[in-house]
Amino acid sequence: MDADKHYESVRFYILEAGKTKEELAKHETEYNPEKVRTLIASYKYTLQKIIEEGEIYLSLDDNDREKANKVFKAIDAYKKLLNSIK
């Protein structure tokens with residue numbers, strides 16, 4: 001995969017994480033523990049994929065420093081978030 005595909009993967013997973021977070025917010029007071037557990041697992045997996053794809057992107061030599069900086073900041077923020085929910 002080239003750098004652009006990994007960058008687009010990061011963007012895709014960020015959007016997916018947002019959708020999952022919205023779905024979790026709808027069910028946070030609902031008593032449906034299995035659904036909540038599944039959503040949390042999905043959310044954590046998505047955060048891991050953002051980090052993984054972002055690290056791959058940063059390891060490739062892409063000349064777009066602005067995109068690299070965005071990915072670096074996103075990875076840092078999502079690592080902190082993932083650590084806070086483990």
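Start at Thr-46: leaving aside residues up to four places away in sequence, Thr-46 touches Tyr-13, Glu-16 and Ala-17, where contact means heavy atoms within 4.5 Å. This is a predicted model, so local features need pLDDT of at least 70 and side-chain atom pairs pLDDT 80 or more, while totals for chains, interfaces and linings use all residues. Numbering runs from 1 along each chain as its sequence is written, and side-chain values use heavy atoms, with hydrogens and water left out.

Thr-46 lies in helix α2 and counts as buried at 6% relative accessibility (buried is under 20% relative accessible area, exposed over 50%, partly exposed in between, with a 1.4 Å probe and protein chains only). A polar atom of the Thr-46 side chain is 2.8 Å from the backbone oxygen of Ser-42.

Now for the rings. Rings of Phe, Tyr and Trp (its six-membered ring) pair if their centres lie within 6.5 Å; planes under 30 degrees apart are stacked, over 60 edge-to-face, the rest tilted. That rule gives 2 aromatic pairs. In one, Tyr-7 and Tyr-57 have ring centres 5.6 Å apart and planes at 50°, so the pair is tilted. Tyr-7 sits in helix α1 (residues 3-27) and Tyr-57 in helix α2 (residues 33-59), so the pair ties together parts 50 residues apart in sequence; helices here are DSSP runs (H or I, at least four residues), numbered from the N terminus. Both count as buried, Tyr-7 at 9% and Tyr-57 at 1%.

Phe-12 and Tyr-13 make an edge-to-face pair, because their centres are 5.2 Å apart and their planes at 70°. Phe-12 is partly exposed at 44%, whereas Tyr-13 is buried at 19%.

Conventions:
Helix = DSSP H or I, 4+ residues; strand = E, 2+ residues; numbered from the N terminus. Polar contact = N/O pair within 3.5 Å; in protein donor to acceptor, adjacent residues only side chain to side chain.
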